[in-house]
Amino acid sequence: MSRTYVVTGSASGIGQATTNLLVKLGHTVIGVDRSHANIVADLSTADGRNELVDAVAKLTDTVDGLICAAGLALDAPVTAQVNYYGTLATLIGLRPFLANSAAPRAVVLASVAVLFDADADLLGAFEEYDEAAAIVRAEAITDQPGAIYSTSKRAVARWVKRHAPTSEWAGAGIALNAIAPGMVMTPMISEQIKLPEVRRAMLERVPMPLNGIAEADDIARALAWFAGPENTHITGQIIYIDGGAEASLRGVGTL
Ligand code: NAI
């Protein structure tokens with residue numbers, strides 16, 4: 001059965017691979033990105049987020065699957081704005097469209113970086129939903145490589161865990177999960193990883209004993225499943241697609 005999907009970050013990397021796969025499977029995909037997309041919207045701004053919802057409303061009243069892949073990994077406040085506030089605005093804004101589907105599913109891209117240190121003040125601003133405070137705090141920690149990124153991903157993952165079982169999501173039949181990839185060969189990391197010393201350091205931080213660094217298509221297949229009707233009972237999960245990175249780093253963890 002053909003479904004309608006919205007994919008943010010559809011112009012590159014994981015979002016693009018997922019879009020291509022879903023189209024190949026016969027589904028309709030509404031791609032969203034800063035350019036080269038059905039809906040051109042800048043998810044770092046409130047206006048762009050509203051434009052996304054308004055534009056979807058012009059195209060459909062039902063979204064069967066939502067994949068939030070738009071993201072940045074810059075040591076700059078815009079990373080907080082896109083990864084956290086852009087993602088949440090997309091989820092919240094499109095939830096009513098999902099609620100109209102017979103088998104609605106939403107998946108967001110977190111990261112194995114949810115396991116790394118988070119900045120407590122930035123996490124606090126995210127959880128208060130205070131974007132102005134988050135920008136101020138992010139500006140203050142731009143000298144800490146990866147801190148804004150890992151904190152934004154942890155905050156998104158926590159939001160998913162908190163909201164998935166509620167009446168608005170599970171109660172409306174909407175499965176809501178976060179996929180946490182390890183390293184994936186996309187434009188987000190492909191330039192840095194060409195440098196052997198950077199590659200070595202990154203693989204030390206994110207060890208991937210099973211099959212090494214993933215390709216975007218490897219993540220797309222999982223996203224298509226989690227956003228598809230076969231997923232009837234998995235919700236509120238952080239699913240690591242990381243070649244064993246989480247297991248290597250955390251061991252038995254909180255089990
Ligand atoms: P990518 O850089 O290839 O694609 C990200 C897309 O998001 C781009 O098309 C970009 O234009 C879009 N985007 C960025 N800012 C935007 C904005 N303000 N408004 C609208 N769209 C915007 O990166 P990739 O790897 O495909 O990343 C997809 C998701 O996966 C991201 O959330 C990323 O954090 C996550 N991820 C990626 C990993 C990797 O190693 N590549 C590892 C773990 C998570």
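**Notes on the predicted model**

1. (pLDDT is the predictor's confidence in each residue, from 0 to 100.) Among the elements of the chain, β1 has the highest mean pLDDT, at 99, and helix α7 (residues 196–205) the lowest, at 94. Where pLDDT is low, predicted coordinates should not be read in detail.

2. A bit of housekeeping. This is a predicted model, where local features need pLDDT of at least 70, side-chain atom pairs count only at pLDDT 80 or more, and totals for chains, interfaces and linings use all residues. Residues are numbered from 1 along each chain as its sequence is written, and side-chain values use heavy atoms, with hydrogens and water left out.

3. Now the sheet. Seven strands make an open sheet with parallel pairing, in the order β3-β2-β1-β4-β5-β6-β9. (Strands are DSSP runs of E with at least two residues, helices are runs of H or I with at least four, and both are numbered from the N terminus; two strands pair if DSSP finds at least two bridges between them.) β3 and β9 (238–241) stand at the edges with a single partner strand each, so one side of each has no neighbour in the sheet.

4. Look at β4 (residues 65–68) next. Four bridges join this strand to β1, and the two run parallel; Tyr5 stands opposite Gly65 in β4. β4 also pairs with β5 in the parallel sense, over four bridges, and there Leu66 has Ala106 of β5 as its bridge partner.

5. How many of the residues of β5 are buried? Five of its five, so to speak a mostly covered strand. (Buried means under 20% relative accessible area, exposed over 50% and partly exposed in between, with a 1.4 Å probe and protein chains only.) In a regular strand the side chains alternate between the two faces of the sheet. Here Arg105, Val107 and Leu109 point one way from β5, while Ala106 and Val108 point the other way.

6. Leu109 deserves a stop. This β5 residue counts as buried, at 8% relative accessibility. Not counting residues up to four places away in sequence, Leu109 touches Ile14, Ile67, Cys68, Ala69, Lys153, Ile179, Pro181 and Leu223. (Contact means heavy atoms within 4.5 Å.)

7. On to helix α2 (residues 46–59). Its 14 residues reach 21 Å from first C-alpha to last, close to the 20 Å expected at 1.5 Å a residue. (The expected span is 1.5 Å times one less than the number of residues.) Its buried residues are Gly48, Arg49, Leu52, Val53 and Val56. Seen down the axis, they fall within an arc of 140°, so they line one face of the helix. (The arc is that of the directions from the helix axis to the C-beta atoms.) The buried residues of α2 pack against β1 (4–8), β2 (28–33), β3 (39–40), α3 (77–99) and α5 (131–140). The face turned away from the buried side carries the exposed residues Asp47 and Lys58.

8. Finally, two loop residues. Thr186 sits between β7 (184–185) and α7 and is buried, with a relative accessible area of 10%. Leaving aside neighbours within four places in sequence, Thr186 is in contact with Gly13, Ile14 and Ala216. Ile213 is in the loop between α7 and β8 (214–215) and counts as buried at 15% relative accessibility. With the neighbours within four places in sequence again left aside, the contacts of Ile213 include Met183, Val184 and Met208.
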